[in-house]
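Dear colleague,

I am handing over a structure that I would like you to look through before we talk. My notes on one helix and on some of the aromatic rings follow below.

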Amino acid sequence: MTNAAPLSPAQKTWEDHLILNDFYGELSSTPRRTPMRELISTVLSHRTTHADEELAYSRMLETFGDWEGVLAAPTPALAHAIRTTRWPDTQAPRIQDILRRIKAERGEFTLDFLADWPTERGLQWLTDMPGIGLKTASLVLLFNFQKPVLPVDTHVHRIAQRVGMIGPKVSADRAHKLLLEQLPQDARVLLNFHKHNYWHGQRVCLYTKPDCARCPLKDFCDYYTEHYGPATPEALAATPKRWDTAWGELPH
């Protein structure tokens, strides 16, 4: 693409998807977790490592047995069980509020009904709950129900801004809609775009010291051009085409 006409934001978004699909390998859309676990684990994961989130989740269920037990637990005891999260004293009552609402409205602890709801209705219902934002709601609907939504976390947002898929002042919430409009309304495409950019933000396009030499997006990345100039044929030829497991395991 060097010396070609500059790509539009929408073209950059699609090129990003195609390149990272090859770089990391295409993923299936098989759910990784049950809907309830996806929801509660995502709440626990806020500013928390995956290992600490998993530990908090397992301790919570080991201590209280099931969702009924978590709901009935003394809130300080629940906060202690999830103490490896970033803000356990905030997350404990929030989780109980979420469980209380689901039980009151559905009669049981399930989100399976969202499969039959229109996407916008599902997003509205989830984001009406305490502590559930657009990212968390989108994760549940995309990962578990293959709805055409796009979760935008800090990594996806950072890469989209650096590459030039969105403007430098576009918020993460606004980016959900803008990036979604630039991609096919296909759940598998959207899941791969999200996961691949999430991994890329954790392993290559880091917040403080992005590894631009390893990045396969450099040919059309605004950040790279600003800091290093247009990508040279030599730089492009030296860019890896596939993720090498010798660099470390990919995150969850």
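Helices in these notes are DSSP runs (H or I, at least four residues), as strands are (E, at least two), both numbered from the N terminus, and the expected span of a helix is 1.5 Å times one less than its number of residues. Please bear in mind that this is a predicted model, in which local features need pLDDT of at least 70 and side-chain atom pairs count only at pLDDT 80 or more, while totals for chains, interfaces and linings use all residues. Residues are numbered from 1 along each chain as its sequence is written, and side-chain values use heavy atoms, with hydrogens and water left out.

After α1 comes Gly25, which has a positive phi near 95°. Taking buried as under 20% relative accessible area, exposed as over 50% and partly exposed as in between (1.4 Å probe, protein chains only), the buried residues of α1 include Lys12, Asp16, Ile19 and Phe23. With contact meaning heavy atoms within 4.5 Å, the buried residues of α1 pack against α9 (154–163), α10 (172–181), α11 (187–203) and α12 (222–228).

Two packed helices are described by the angle between their axes and the distance between the axes. Here axes are lines fitted to C-alpha atoms, for helices over the stretch in contact, and angles run from 0 to 180 degrees between N-to-C directions. For α1 and α11 the angle is about 75° and the axes are 9 Å apart, which means that α1 is roughly perpendicular to α11 (a term for 65 to 115 degrees).

As for the aromatic rings, those of Phe, Tyr and Trp (its six-membered ring) pair if their centres lie within 6.5 Å, and planes under 30 degrees apart count as stacked, over 60 as edge-to-face and the rest as tilted. By this rule there are 10 aromatic pairs. One of them joins Tyr57 and Trp67 edge-to-face, at 6.1 Å centre to centre with 70° between the planes. Because Tyr57 lies in helix α3 (residues 50–64) and Trp67 in helix α4 (residues 67–72), the pair ties together parts that are 10 residues apart in sequence. Tyr57 and Trp67 are both buried. Phe113 and Trp117 also form an edge-to-face pair, with 4.9 Å centre to centre and 65° between the planes. Phe113 counts as buried at 10% relative accessibility, and Trp117 is buried at 12%. Finally, ring pairs link Phe23, Tyr24, Trp199, Trp243 and Trp247 into a cluster.

Conventions. Angles under 35 degrees count as roughly parallel, over 145 as roughly antiparallel, 65 to 115 as roughly perpendicular and the rest as oblique.
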